[in-house]
Amino acid sequence: MQTYGARAVLVGGAVRDAVMNLPVKDYDIEVYGIADFEALAHLLEPFGRVNTVGKSFGVLKLCIGGEVYDFALPRTERKTGTGHRGFEVTVDGSLDFATAARRRDFTVNALGFDIQSGEIIDPFGGMDDMGKKILRHIDDATFAEDPLRVYRAVQFAARFDMQVAGETAMLCRRMVAAGALDELPRERVYEEWKKLLLKAHRPSKGFDLMREWGITKKYFPELHALSCVPQNPKWHPEGDVWVHTMLSIDAMRKLIEDESVLDGERVSFPEKKQLKLMFAVLCHDLGKPLATTIEYDNGEVIRWEAYQPTIVSRETKTGMPYSVRALGHEEAGLEPTRNLMYRLTDEHDFIESILPLIAHHLKPSQFYKQGAKASALRRLAVKVNIEELVLVAKADFLGRTTPEAKTGRYAAGEWLLEKAKALKVWNKPMNHLVQGRDLIALGMKPSPKFGEILDDVYEKQLDGEIASKKDAIAYIREEFQHNN
(Lines give C-alpha, C1' and ligand atoms only; values in the text may rest on other atoms or scores of the structure.)
Protein backbone atom coordinates (compact mmCIF):
# COMPACT_ATOMS: atom_id res chain seq x y z
CA MET A 1 0.00 0.00 0.00
CA GLN A 2 2.94 2.31 0.51
CA THR A 3 3.32 2.39 -3.26
CA TYR A 4 -0.01 4.19 -3.42
CA GLY A 5 0.80 6.46 -0.48
CA ALA A 6 -1.70 4.55 1.66
CA ARG A 7 -1.48 3.52 5.30
CA ALA A 8 -3.33 0.41 6.51
CA VAL A 9 -4.35 0.33 10.18
CA LEU A 10 -5.94 -2.61 11.97
CA VAL A 11 -8.66 -1.17 14.20
CA GLY A 12 -11.32 -1.98 16.79
CA GLY A 13 -11.85 -5.24 18.63
CA ALA A 14 -9.06 -7.07 16.80
CA VAL A 15 -6.42 -4.83 18.38
CA ARG A 16 -8.09 -4.93 21.78
CA ASP A 17 -8.30 -8.72 21.78
CA ALA A 18 -4.73 -9.17 20.54
CA VAL A 19 -3.41 -6.93 23.33
CA MET A 20 -5.47 -8.93 25.86
CA ASN A 21 -4.13 -12.23 24.44
CA LEU A 22 -7.62 -13.26 23.35
CA PRO A 23 -8.49 -15.02 20.07
CA VAL A 24 -8.95 -12.57 17.19
CA LYS A 25 -11.90 -13.47 14.97
CA ASP A 26 -12.71 -10.39 12.90
CA TYR A 27 -10.20 -8.14 11.16
CA ASP A 28 -11.26 -4.57 10.43
CA ILE A 29 -8.77 -2.42 8.54
CA GLU A 30 -8.94 1.31 7.91
CA VAL A 31 -6.92 2.67 4.99
CA TYR A 32 -5.63 6.23 5.26
CA GLY A 33 -4.45 8.37 2.33
CA ILE A 34 -6.83 6.87 -0.27
CA ALA A 35 -9.13 9.28 -2.11
CA ASP A 36 -12.28 7.16 -2.50
CA PHE A 37 -13.78 3.65 -2.54
CA GLU A 38 -13.03 3.14 -6.21
CA ALA A 39 -9.33 3.68 -5.53
CA LEU A 40 -9.50 1.35 -2.51
CA ALA A 41 -11.25 -1.37 -4.52
CA HIS A 42 -8.66 -1.05 -7.30
CA LEU A 43 -5.88 -1.41 -4.74
CA LEU A 44 -7.44 -4.56 -3.20
CA GLU A 45 -8.45 -6.42 -6.38
CA PRO A 46 -5.05 -8.11 -6.97
CA PHE A 47 -5.29 -9.83 -3.57
CA GLY A 48 -8.73 -11.46 -3.84
CA ARG A 49 -12.42 -10.94 -4.55
CA VAL A 50 -13.74 -7.52 -3.53
CA ASN A 51 -17.34 -7.41 -2.35
CA THR A 52 -18.94 -3.95 -2.37
CA VAL A 53 -22.15 -4.98 -0.58
CA GLY A 54 -21.22 -2.90 2.47
CA LYS A 55 -20.22 0.20 0.51
CA SER A 56 -23.24 2.19 1.72
CA PHE A 57 -21.98 1.66 5.28
CA GLY A 58 -18.46 2.70 4.38
CA VAL A 59 -17.03 -0.85 4.13
CA LEU A 60 -15.57 -3.10 1.41
CA LYS A 61 -14.98 -6.81 1.99
CA LEU A 62 -11.92 -8.61 0.70
CA CYS A 63 -12.36 -12.38 0.35
CA ILE A 64 -9.16 -14.43 0.26
CA GLY A 65 -9.85 -18.15 0.31
CA GLY A 66 -12.18 -18.72 3.23
CA GLU A 67 -11.19 -15.55 5.08
CA VAL A 68 -13.04 -12.22 4.90
CA TYR A 69 -11.45 -8.89 5.83
CA ASP A 70 -13.33 -5.62 6.20
CA PHE A 71 -11.66 -2.56 4.69
CA ALA A 72 -12.92 0.95 5.22
CA LEU A 73 -11.85 4.51 4.72
CA PRO A 74 -11.73 6.73 7.83
CA ARG A 75 -15.03 8.41 8.46
CA THR A 76 -17.03 10.59 10.79
CA GLU A 77 -20.66 10.06 11.80
CA ARG A 78 -23.39 12.51 12.69
CA LYS A 79 -26.72 11.63 14.30
CA THR A 80 -29.59 12.62 12.00
CA GLY A 81 -32.47 10.44 13.21
CA THR A 82 -33.54 7.66 15.54
CA GLY A 83 -32.31 4.11 15.40
CA HIS A 84 -28.98 2.61 14.39
CA ARG A 85 -29.48 3.71 10.77
CA GLY A 86 -30.12 7.32 11.71
CA PHE A 87 -26.52 8.45 11.05
CA GLU A 88 -24.96 10.51 8.31
CA VAL A 89 -21.60 8.97 7.39
CA THR A 90 -18.89 11.14 5.86
CA VAL A 91 -15.94 9.27 4.35
CA ASP A 92 -12.69 11.19 4.22
CA GLY A 93 -9.39 9.48 3.41
CA SER A 94 -7.43 12.52 4.57
CA LEU A 95 -8.58 12.27 8.21
CA ASP A 96 -6.02 11.54 10.91
CA PHE A 97 -6.50 8.46 13.09
CA ALA A 98 -7.51 10.33 16.27
CA THR A 99 -10.27 12.26 14.48
CA ALA A 100 -11.65 9.11 12.87
CA ALA A 101 -11.43 7.12 16.12
CA ARG A 102 -13.37 9.70 18.13
CA ARG A 103 -16.63 8.22 16.85
CA ARG A 104 -15.87 4.94 18.64
CA ASP A 105 -17.40 4.04 22.00
CA PHE A 106 -14.62 3.18 24.46
CA THR A 107 -10.94 3.96 24.71
CA VAL A 108 -10.06 0.24 24.59
CA ASN A 109 -11.89 0.00 21.25
CA ALA A 110 -10.14 3.04 19.76
CA LEU A 111 -6.71 1.43 19.40
CA GLY A 112 -5.04 1.06 16.03
CA PHE A 113 -2.20 -1.13 14.81
CA ASP A 114 -0.15 0.26 11.94
CA ILE A 115 0.43 -2.86 9.83
CA GLN A 116 3.54 -1.47 8.13
CA SER A 117 5.38 -0.04 11.15
CA GLY A 118 4.03 -2.41 13.82
CA GLU A 119 3.13 0.59 15.98
CA ILE A 120 0.08 0.68 18.28
CA ILE A 121 -1.77 3.97 17.88
CA ASP A 122 -3.49 5.04 21.09
CA PRO A 123 -4.94 8.56 20.97
CA PHE A 124 -7.25 8.25 24.01
CA GLY A 125 -5.28 6.26 26.58
CA GLY A 126 -6.85 2.91 25.84
CA MET A 127 -3.71 0.95 26.69
CA ASP A 128 -3.55 2.53 30.13
CA ASP A 129 -7.25 1.87 30.73
CA MET A 130 -6.81 -1.73 29.60
CA GLY A 131 -3.93 -2.20 32.02
CA LYS A 132 -6.03 -0.81 34.86
CA LYS A 133 -9.11 -2.78 33.67
CA ILE A 134 -11.19 0.38 33.29
CA LEU A 135 -13.93 0.80 30.69
CA ARG A 136 -14.12 4.49 29.75
CA HIS A 137 -16.06 6.22 27.00
CA ILE A 138 -14.28 8.59 24.64
CA ASP A 139 -16.67 11.46 24.07
CA ASP A 140 -19.96 12.41 25.76
CA ALA A 141 -21.62 13.65 22.58
CA THR A 142 -20.66 10.80 20.24
CA PHE A 143 -21.31 8.14 22.88
CA ALA A 144 -24.84 9.41 23.57
CA GLU A 145 -25.70 9.38 19.87
CA ASP A 146 -25.99 5.57 19.95
CA PRO A 147 -27.90 4.40 23.07
CA LEU A 148 -26.97 0.78 22.32
CA ARG A 149 -23.59 1.70 23.77
CA VAL A 150 -25.13 1.51 27.24
CA TYR A 151 -25.75 -2.21 26.69
CA ARG A 152 -22.29 -2.54 25.14
CA ALA A 153 -20.84 -1.08 28.32
CA VAL A 154 -22.74 -3.70 30.29
CA GLN A 155 -21.50 -6.68 28.31
CA PHE A 156 -17.92 -5.39 27.86
CA ALA A 157 -17.54 -4.76 31.59
CA ALA A 158 -18.70 -8.30 32.31
CA ARG A 159 -16.78 -10.01 29.49
CA PHE A 160 -13.46 -8.36 30.24
CA ASP A 161 -14.00 -8.00 33.99
CA MET A 162 -13.57 -4.23 33.87
CA GLN A 163 -14.76 -1.49 36.17
CA VAL A 164 -16.83 1.15 34.43
CA ALA A 165 -15.29 4.61 34.86
CA GLY A 166 -17.35 6.89 37.09
CA GLU A 167 -18.03 9.42 34.35
CA THR A 168 -19.10 6.64 31.97
CA ALA A 169 -21.45 5.10 34.53
CA MET A 170 -22.96 8.52 35.23
CA LEU A 171 -23.55 9.15 31.51
CA CYS A 172 -25.19 5.72 31.13
CA ARG A 173 -27.51 6.44 34.06
CA ARG A 174 -28.49 9.78 32.53
CA MET A 175 -29.22 8.17 29.17
CA VAL A 176 -31.41 5.50 30.79
CA ALA A 177 -33.30 8.06 32.88
CA ALA A 178 -33.86 10.26 29.81
CA GLY A 179 -35.43 7.38 27.89
CA ALA A 180 -32.65 7.23 25.31
CA LEU A 181 -32.90 3.43 25.22
CA ASP A 182 -36.56 3.58 24.17
CA GLU A 183 -35.61 3.84 20.51
CA LEU A 184 -33.57 0.64 20.45
CA PRO A 185 -35.10 -2.25 18.48
CA ARG A 186 -35.30 -5.42 20.55
CA GLU A 187 -33.15 -7.29 18.02
CA ARG A 188 -30.14 -5.10 18.83
CA VAL A 189 -30.75 -5.34 22.59
CA TYR A 190 -31.07 -9.12 22.31
CA GLU A 191 -27.69 -9.37 20.56
CA GLU A 192 -26.01 -7.58 23.47
CA TRP A 193 -27.80 -9.81 26.00
CA LYS A 194 -26.57 -12.87 24.11
CA LYS A 195 -22.98 -11.63 24.22
CA LEU A 196 -23.35 -11.05 27.95
CA LEU A 197 -24.78 -14.50 28.63
CA LEU A 198 -22.51 -16.42 26.26
CA LYS A 199 -19.16 -14.64 26.54
CA ALA A 200 -18.85 -13.33 30.10
CA HIS A 201 -17.38 -15.63 32.76
CA ARG A 202 -19.52 -13.76 35.31
CA PRO A 203 -22.67 -12.49 33.57
CA SER A 204 -23.92 -11.30 36.96
CA LYS A 205 -21.59 -8.30 36.69
CA GLY A 206 -23.51 -7.08 33.66
CA PHE A 207 -26.93 -7.62 35.24
CA ASP A 208 -25.82 -5.81 38.39
CA LEU A 209 -24.90 -2.84 36.20
CA MET A 210 -28.29 -2.97 34.49
CA ARG A 211 -29.94 -2.85 37.88
CA GLU A 212 -27.70 -0.02 39.16
CA TRP A 213 -28.28 2.10 36.05
CA GLY A 214 -32.07 1.66 36.12
CA ILE A 215 -32.35 -0.56 33.03
CA THR A 216 -34.09 -3.47 34.75
CA LYS A 217 -36.53 -1.21 36.57
CA LYS A 218 -37.53 0.61 33.40
CA TYR A 219 -37.39 -2.12 30.77
CA PHE A 220 -37.35 -5.50 32.55
CA PRO A 221 -39.54 -5.18 35.67
CA GLU A 222 -39.92 -8.95 35.99
CA LEU A 223 -36.19 -9.19 36.62
CA HIS A 224 -35.98 -6.07 38.75
CA ALA A 225 -38.71 -7.46 41.01
CA LEU A 226 -36.27 -10.06 42.35
CA SER A 227 -34.44 -7.38 44.33
CA CYS A 228 -35.16 -7.45 48.08
CA VAL A 229 -37.50 -10.47 47.86
CA PRO A 230 -36.62 -12.48 50.99
CA GLN A 231 -35.86 -16.19 51.08
CA ASN A 232 -35.70 -18.81 53.80
CA PRO A 233 -32.17 -18.39 55.22
CA LYS A 234 -31.93 -22.11 55.86
CA TRP A 235 -31.92 -22.81 52.13
CA HIS A 236 -30.70 -19.42 50.94
CA PRO A 237 -28.21 -17.86 53.37
CA GLU A 238 -26.74 -15.88 50.46
CA GLY A 239 -29.50 -13.29 50.57
CA ASP A 240 -32.49 -12.19 48.49
CA VAL A 241 -33.72 -13.65 45.20
CA TRP A 242 -31.65 -11.25 43.10
CA VAL A 243 -28.42 -12.32 44.84
CA HIS A 244 -29.34 -15.99 44.42
CA THR A 245 -30.17 -15.54 40.73
CA MET A 246 -26.88 -13.78 40.04
CA LEU A 247 -24.91 -16.56 41.74
CA SER A 248 -26.93 -19.13 39.77
CA ILE A 249 -26.27 -17.64 36.32
CA ASP A 250 -22.57 -17.48 37.12
CA ALA A 251 -22.73 -21.12 38.21
CA MET A 252 -24.44 -22.12 34.96
CA ARG A 253 -21.83 -20.24 32.95
CA LYS A 254 -19.11 -22.21 34.72
CA LEU A 255 -20.92 -25.52 34.16
CA ILE A 256 -21.09 -24.75 30.44
CA GLU A 257 -17.46 -23.65 30.26
CA ASP A 258 -16.38 -26.80 32.10
CA GLU A 259 -18.38 -28.80 29.54
CA SER A 260 -19.28 -31.53 31.98
CA VAL A 261 -22.56 -33.09 33.01
CA LEU A 262 -23.16 -34.44 36.46
CA ASP A 263 -21.88 -37.94 35.94
CA GLY A 264 -18.52 -36.71 34.69
CA GLU A 265 -19.04 -37.25 30.96
CA ARG A 266 -17.76 -34.52 28.64
CA VAL A 267 -20.39 -32.88 26.50
CA SER A 268 -20.47 -29.97 24.08
CA PHE A 269 -22.99 -27.17 24.25
CA PRO A 270 -24.09 -25.58 20.96
CA GLU A 271 -24.69 -21.85 21.28
CA LYS A 272 -28.48 -22.16 21.14
CA LYS A 273 -28.47 -24.73 23.92
CA GLN A 274 -26.18 -22.55 26.02
CA LEU A 275 -28.56 -19.64 25.58
CA LYS A 276 -31.53 -21.80 26.52
CA LEU A 277 -29.85 -22.96 29.73
CA MET A 278 -28.68 -19.46 30.65
CA PHE A 279 -32.13 -17.92 30.18
CA ALA A 280 -33.75 -20.78 32.08
CA VAL A 281 -31.55 -20.10 35.10
CA LEU A 282 -31.94 -16.32 34.79
CA CYS A 283 -35.73 -16.72 34.85
CA HIS A 284 -36.10 -19.75 37.14
CA ASP A 285 -37.26 -17.72 40.17
CA LEU A 286 -39.24 -14.96 38.44
CA GLY A 287 -42.31 -16.37 40.17
CA LYS A 288 -41.00 -15.69 43.68
CA PRO A 289 -42.11 -12.04 43.85
CA LEU A 290 -45.61 -13.30 43.08
CA ALA A 291 -45.60 -16.37 45.34
CA THR A 292 -43.54 -15.40 48.39
CA THR A 293 -45.25 -15.13 51.75
CA ILE A 294 -43.98 -14.20 55.21
CA GLU A 295 -45.68 -16.43 57.78
CA TYR A 296 -45.53 -15.48 61.47
CA ASP A 297 -45.86 -17.88 64.38
CA ASN A 298 -49.17 -16.27 65.36
CA GLY A 299 -50.66 -17.49 62.09
CA GLU A 300 -50.54 -14.18 60.27
CA VAL A 301 -49.50 -14.44 56.61
CA ILE A 302 -48.28 -11.45 54.61
CA ARG A 303 -47.95 -11.74 50.85
CA TRP A 304 -44.97 -10.14 49.20
CA GLU A 305 -46.21 -7.40 46.86
CA ALA A 306 -44.77 -7.97 43.39
CA TYR A 307 -42.85 -5.03 41.91
CA GLN A 308 -43.67 -2.76 44.91
CA PRO A 309 -42.39 -4.73 47.88
CA THR A 310 -42.85 -3.69 51.46
CA ILE A 311 -39.93 -5.11 53.39
CA VAL A 312 -41.08 -7.07 56.41
CA SER A 313 -38.58 -7.49 59.21
CA ARG A 314 -38.52 -9.05 62.63
CA GLU A 315 -38.56 -5.58 64.14
CA THR A 316 -41.95 -4.76 62.63
CA LYS A 317 -43.40 -7.66 64.58
CA THR A 318 -41.49 -7.01 67.79
CA GLY A 319 -39.14 -9.90 67.25
CA MET A 320 -41.84 -12.49 66.50
CA PRO A 321 -40.35 -15.45 64.58
CA TYR A 322 -41.40 -15.87 60.97
CA SER A 323 -40.71 -18.09 58.00
CA VAL A 324 -40.49 -17.30 54.31
CA ARG A 325 -42.13 -19.54 51.74
CA ALA A 326 -42.59 -19.36 47.97
CA LEU A 327 -44.99 -22.20 47.25
CA GLY A 328 -45.87 -22.55 43.60
CA HIS A 329 -43.26 -20.10 42.38
CA GLU A 330 -42.29 -22.45 39.55
CA GLU A 331 -45.67 -22.15 37.78
CA ALA A 332 -46.03 -18.51 38.83
CA GLY A 333 -42.80 -17.74 36.99
CA LEU A 334 -43.98 -18.85 33.55
CA GLU A 335 -45.92 -15.73 32.62
CA PRO A 336 -43.21 -13.28 33.78
CA THR A 337 -40.71 -15.32 31.78
CA ARG A 338 -42.83 -15.06 28.64
CA ASN A 339 -43.23 -11.32 29.15
CA LEU A 340 -39.50 -10.76 29.61
CA MET A 341 -38.45 -13.01 26.73
CA TYR A 342 -40.92 -11.58 24.22
CA ARG A 343 -39.52 -8.15 25.04
CA LEU A 344 -36.20 -9.47 23.71
CA THR A 345 -37.19 -11.76 20.84
CA ASP A 346 -40.14 -13.21 18.95
CA GLU A 347 -38.58 -16.70 18.73
CA HIS A 348 -41.70 -18.45 19.98
CA ASP A 349 -40.41 -22.02 19.89
CA PHE A 350 -37.21 -21.03 21.69
CA ILE A 351 -39.14 -19.25 24.42
CA GLU A 352 -41.53 -22.17 24.84
CA SER A 353 -38.56 -24.55 25.17
CA ILE A 354 -37.35 -22.60 28.21
CA LEU A 355 -40.62 -22.81 30.13
CA PRO A 356 -40.56 -26.53 31.09
CA LEU A 357 -37.12 -26.05 32.66
CA ILE A 358 -38.60 -23.36 34.88
CA ALA A 359 -41.81 -25.21 35.66
CA HIS A 360 -39.92 -28.31 36.84
CA HIS A 361 -36.65 -26.91 38.22
CA LEU A 362 -37.39 -28.25 41.73
CA LYS A 363 -38.17 -31.77 40.53
CA PRO A 364 -34.63 -33.22 40.76
CA SER A 365 -34.35 -32.39 44.46
CA GLN A 366 -37.95 -33.38 45.17
CA PHE A 367 -37.66 -36.71 43.36
CA TYR A 368 -34.37 -37.48 45.09
CA LYS A 369 -35.86 -36.90 48.54
CA GLN A 370 -38.96 -38.93 47.67
CA GLY A 371 -37.07 -41.75 45.99
CA ALA A 372 -39.36 -41.31 42.99
CA LYS A 373 -40.39 -44.42 41.07
CA ALA A 374 -39.51 -45.20 37.47
CA SER A 375 -42.99 -44.22 36.31
CA ALA A 376 -42.53 -40.69 37.72
CA LEU A 377 -39.22 -40.32 35.90
CA ARG A 378 -40.71 -41.53 32.64
CA ARG A 379 -43.56 -39.02 32.98
CA LEU A 380 -41.12 -36.23 33.78
CA ALA A 381 -39.21 -37.02 30.59
CA VAL A 382 -42.40 -36.42 28.59
CA LYS A 383 -42.55 -32.87 29.94
CA VAL A 384 -38.90 -31.80 29.95
CA ASN A 385 -35.42 -32.84 28.83
CA ILE A 386 -34.06 -34.37 32.05
CA GLU A 387 -30.40 -33.81 31.17
CA GLU A 388 -31.03 -30.08 30.67
CA LEU A 389 -33.25 -29.95 33.76
CA VAL A 390 -30.49 -31.41 35.93
CA LEU A 391 -28.08 -28.73 34.72
CA VAL A 392 -30.56 -25.97 35.55
CA ALA A 393 -31.28 -27.51 38.96
CA LYS A 394 -27.55 -27.86 39.65
CA ALA A 395 -26.94 -24.19 38.81
CA ASP A 396 -29.83 -23.31 41.13
CA PHE A 397 -28.26 -25.48 43.86
CA LEU A 398 -24.78 -23.99 43.38
CA GLY A 399 -26.16 -20.46 43.42
CA ARG A 400 -26.27 -20.56 47.23
CA THR A 401 -23.84 -20.35 50.12
CA THR A 402 -25.00 -23.42 52.01
CA PRO A 403 -22.31 -25.90 53.12
CA GLU A 404 -23.76 -28.46 50.68
CA ALA A 405 -23.54 -26.08 47.74
CA LYS A 406 -19.95 -25.19 48.58
CA THR A 407 -18.95 -28.83 48.04
CA GLY A 408 -19.85 -28.41 44.36
CA ARG A 409 -21.59 -31.76 44.28
CA TYR A 410 -25.30 -31.98 43.52
CA ALA A 411 -26.25 -35.47 44.69
CA ALA A 412 -29.90 -35.14 43.64
CA GLY A 413 -28.90 -34.40 40.08
CA GLU A 414 -26.45 -37.28 39.94
CA TRP A 415 -29.11 -39.64 41.23
CA LEU A 416 -31.77 -38.47 38.78
CA LEU A 417 -29.47 -38.56 35.77
CA GLU A 418 -28.28 -42.07 36.63
CA LYS A 419 -31.86 -43.33 37.01
CA ALA A 420 -32.99 -41.58 33.81
CA LYS A 421 -30.11 -43.06 31.84
CA ALA A 422 -30.94 -46.53 33.10
CA LEU A 423 -34.49 -45.99 31.85
CA LYS A 424 -33.17 -44.45 28.59
CA VAL A 425 -35.16 -41.24 29.08
CA TRP A 426 -32.41 -38.80 30.11
CA ASN A 427 -32.60 -36.71 26.93
CA LYS A 428 -35.91 -37.72 25.33
CA PRO A 429 -39.21 -39.28 26.35
CA MET A 430 -39.94 -42.97 26.02
CA ASN A 431 -40.77 -44.01 22.45
CA HIS A 432 -44.33 -45.07 21.60
CA LEU A 433 -44.33 -48.83 21.06
CA VAL A 434 -47.31 -48.73 18.72
CA GLN A 435 -48.60 -46.22 16.20
CA GLY A 436 -51.62 -45.79 14.02
CA ARG A 437 -50.26 -48.03 11.29
CA ASP A 438 -50.02 -50.88 13.82
CA LEU A 439 -53.72 -50.52 14.60
CA ILE A 440 -54.53 -50.63 10.89
CA ALA A 441 -52.41 -53.78 10.58
CA LEU A 442 -54.65 -55.29 13.26
CA GLY A 443 -57.63 -54.69 10.99
CA MET A 444 -58.94 -51.55 12.69
CA LYS A 445 -60.40 -48.74 10.63
CA PRO A 446 -58.94 -45.24 11.25
CA SER A 447 -61.13 -43.23 13.62
CA PRO A 448 -60.91 -40.73 16.51
CA LYS A 449 -60.72 -43.81 18.72
CA PHE A 450 -57.13 -44.36 17.53
CA GLY A 451 -55.89 -41.47 19.66
CA GLU A 452 -57.55 -42.86 22.77
CA ILE A 453 -56.07 -46.31 22.21
CA LEU A 454 -52.56 -45.03 21.59
CA ASP A 455 -52.73 -42.76 24.63
CA ASP A 456 -53.95 -45.62 26.79
CA VAL A 457 -51.10 -47.88 25.65
CA TYR A 458 -48.55 -45.13 26.25
CA GLU A 459 -49.86 -44.59 29.78
CA LYS A 460 -49.31 -48.29 30.42
CA GLN A 461 -45.78 -47.95 29.04
CA LEU A 462 -45.02 -45.06 31.38
CA ASP A 463 -46.31 -47.09 34.31
CA GLY A 464 -44.12 -50.02 33.30
CA GLU A 465 -47.08 -52.33 32.68
CA ILE A 466 -46.24 -52.70 28.98
CA ALA A 467 -42.58 -53.19 28.09
CA SER A 468 -42.58 -54.43 24.49
CA LYS A 469 -44.46 -54.04 21.24
CA LYS A 470 -45.62 -57.64 21.57
CA ASP A 471 -47.16 -56.83 24.96
CA ALA A 472 -48.76 -53.71 23.52
CA ILE A 473 -50.36 -55.59 20.62
CA ALA A 474 -51.64 -58.27 22.99
CA TYR A 475 -53.14 -55.59 25.25
CA ILE A 476 -54.88 -53.89 22.33
CA ARG A 477 -56.35 -57.17 21.11
CA GLU A 478 -57.63 -58.01 24.55
CA GLU A 479 -59.00 -54.60 25.51
CA PHE A 480 -60.13 -53.10 22.23
CA GLN A 481 -60.72 -55.91 19.77
CA HIS A 482 -61.90 -58.71 22.00
CA ASN A 483 -64.42 -56.46 23.78
CA ASN A 484 -65.78 -55.14 20.51
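**A bridge in E14**

Task: find which residue of E14 is the bridge partner of glutamate 295.

Solution. Serine 323 in E14 is the bridge partner of glutamate 295. The model is predicted, with pLDDT of at least 70 required for local features and 80 or more for side-chain atom pairs, while totals for chains, interfaces and linings use all residues. Numbering starts from 1 along each chain as its sequence is written, and side-chain values rest on heavy atoms, without hydrogens or water.

Now widen the view. Strand E12 (residues 293-296) pairs with E14 over 4 bridges, in the antiparallel sense. Two strands pair if DSSP finds at least two bridges between them. Helices (H or I, at least four residues) and strands (E, at least two) are DSSP runs, numbered from the N terminus. The open sheet has 3 strands in the order E13-E12-E14, with antiparallel pairing. Its edge strands are E13 (301-303) and E14 (322-325), each pairing on one side only. From one strand to the next, the twist averages 20 degrees.

**The E3, E4 and E5 strands**

Task: work out how many bridges join E3 to E4, and how many pair E4 with E5.

Solution. Start with E3 (residues 49-51) and E4 (residues 59-64): 3 bridges join them, and they run antiparallel. Arginine 49 faces cysteine 63 of E4. Next, E4 pairs with E5 (residues 67-72) over 6 bridges, again antiparallel. Here lysine 61 stands opposite aspartate 70 in E5. The hairpin of E4 and E5 has 2 residues between the strands, and glycine 65 takes a positive phi near 65 degrees.

**Strand E1 and its partners**

Task: decide which strands E1 is joined to by bridges, and whether its residues are mostly buried or exposed.

Solution. E1 is joined to E2 by 5 bridges, and the two run antiparallel. Leucine 10 has isoleucine 29 of E2 as its bridge partner. E1 is also joined to E8 (residues 112-114), by 3 bridges and antiparallel. Valine 11 stands opposite glycine 112 in E8. Now the burial. Buried means under 20% relative accessible area, exposed over 50%, and partly exposed in between (1.4 Å probe, protein chains only). In E1 (residues 7-11), 4 of the 5 residues are buried, so the strand is largely enclosed by the rest of the structure.

Solution. Recall the background: most residues other than glycine have a negative phi. Aspartate 161, which follows H6, has a positive phi near 50 degrees.

**Span and burial of H6**

Task: check what span H6 should have, and how many of its residues are buried.

Solution. The expected span of a helix is 1.5 Å times one less than its number of residues. H6 (residues 148-159) has 12 residues and should span 16 Å. Its end C-alpha atoms are 16 Å apart, which agrees. Then count the burial: 11 of the 12 residues are buried, so H6 is largely enclosed by the rest of the structure. Among them are Leu148, Tyr151, Phe156 and Arg159.

**Packing of H8 on H9**

Task: classify the crossing of H8 and H9, and name the residues that make the contact.

Solution. The axes of H8 (residues 186-199) and H9 (residues 204-212) come within 9 Å and cross at roughly 140 degrees. Axes are lines fitted to C-alpha atoms, for helices over the stretch in contact, and angles run from 0 to 180 degrees between N-to-C directions. Under 35 degrees counts as roughly parallel, over 145 as roughly antiparallel, 65 to 115 as roughly perpendicular, and the rest as oblique. H8 and H9 are therefore oblique. Trp193, Leu196 and Leu197 of H8 meet Gly206, Phe207 and Met210 of H9. Contact means heavy atoms within 4.5 Å.

**Aspartate 250**

Task: state whether aspartate 250 is buried or exposed, and what it touches.

Solution. Aspartate 250 lies in helix H12. It is buried, with 14% relative accessible area. Leaving aside neighbours within four places in sequence, aspartate 250 is in contact with His201, Arg202, Pro203 and Ser204.
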